[in-house]
Amino acid sequence: MEYYHWYFVVINVVAFLMYGWDKLCACRNWWRLSEFALLFVAALGGGIGALLGMLVLRHKTLHWKFRIGVPVLVLLQVAAIVWLHLQ
């Protein structure tokens, strides 16, 4: 596997865990991660993990920034992976 494959695997696991942590903090009324941090990790390549975190954990699904932004990031990242794979 190429180095960028591992990067996408790790960043998506991190994104999913961040969404899970934020959901736990929301349920327990603890201090939470910022929306910027959640969107930033998605923009760094963790879009699939962020989208899975939204769908599986039912977290941030009502916020338009996440409902629109994360799927757009996923499409761009999948296109980038395909492009890198074809090079």
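Visitor: Does Lys-60 count as buried or exposed?
Guide: In this predicted model, Lys-60 has a relative accessibility of 10%. The cut-off for a buried residue is under 20%. Lys-60 therefore counts as buried.

Visitor: Which residue forms a salt bridge with Lys-60?
Guide: The closest N and O atoms of the pair are 3.4 Å apart. A salt bridge needs them within 4 Å. The partner of Lys-60 is Glu-35.

Visitor: How many residues apart in sequence are the parts tied together by Glu-35 and Lys-60?
Guide: Glu-35 and Lys-60 form a salt bridge. Glu-35 lies in helix H2, and Lys-60 in the loop between H2 and H3. The parts that this pair ties together are apart in sequence by 25 residues.

Visitor: What is the relative accessibility of Lys-65?
Guide: Partly exposed residues fall between the cut-offs for buried, under 20%, and exposed, over 50%. Lys-65 counts as partly exposed. Its relative accessibility is 35%.

Visitor: How many salt bridges does a search of the whole structure find?
Guide: Lys-60 and Glu-35 form a salt bridge, and so do Lys-65 and Glu-35. Asp-22 and Arg-32 also meet in a salt bridge, at 3.0 Å from N to O. The search of the whole structure finds three.

Visitor: Where does Arg-32 lie?
Guide: The side chain of Arg-32 meets that of Asp-22 in a salt bridge. Asp-22 is in helix H1, residues 3–28, and the pair ties together parts that are 10 residues apart in sequence. Asp-22 counts as buried at 0% relative accessibility, while Arg-32 counts as partly exposed at 32%. Arg-32 lies in the loop between H1 and H2.

Visitor: Are H2 and H3 roughly parallel or roughly perpendicular to each other?
Guide: H2 and H3 pack with their axes 8 Å apart, at an angle of about 75°. Angles of 65 to 115 degrees count as roughly perpendicular. H2 and H3 are therefore roughly perpendicular.

Visitor: How far apart in space are Val-70 and Leu-39, C-alpha to C-alpha?
Guide: Val-70 is in helix H3, and is buried at a relative accessible area of 0%. Beyond four places in sequence, Val-70 touches residues including Leu-39, Tyr-19 and Met-54. Val-70 and Leu-39 are 31 residues apart in sequence, but their C-alpha separation in space is 7.5 Å.

Visitor: Which element gives the most to the nonpolar patch?
Guide: Ile-48, Leu-52, Leu-55, Val-56, Val-78, Val-82 and Leu-86 form this surface patch, with about 640 Å² of accessible area together. Helix H2 (35–57) and helix H3 (64–86) are the elements that give two or more residues. With four residues, the element that gives the most is H2.

Visitor: What is the relative accessible area of Val-78?
Guide: Val-78 lies in helix H3 and belongs to the nonpolar patch. Patch residues have over 30% relative accessible area. Val-78 is partly exposed, with a relative accessible area of 38%.

How values were computed: Residues are numbered from 1 along each chain as its sequence is written. This is a predicted model: local features need pLDDT of at least 70, side-chain atom pairs count only at pLDDT 80 or more; totals for chains, interfaces and linings use all residues. Side-chain values use heavy atoms; hydrogens and water are left out. Patches are made of residues with over 30% relative accessible area and no salt bridge: like charges are joined within 9 Å, nonpolar side chains (Val, Leu, Ile, Met, Phe, Trp, Tyr) within 5 Å. Accessible areas come from the Shrake-Rupley method with a 1.4 Å probe; for residues, only the protein chains shown count as cover. Buried means under 20% relative accessible area, exposed over 50%, partly exposed in between (1.4 Å probe, protein chains only). Axes are lines fitted to C-alpha atoms, for helices over the stretch in contact, and angles run from 0 to 180 degrees between N-to-C directions. Angles under 35 degrees count as roughly parallel, over 145 as roughly antiparallel, 65 to 115 as roughly perpendicular and the rest as oblique. Contact means heavy atoms within 4.5 Å.
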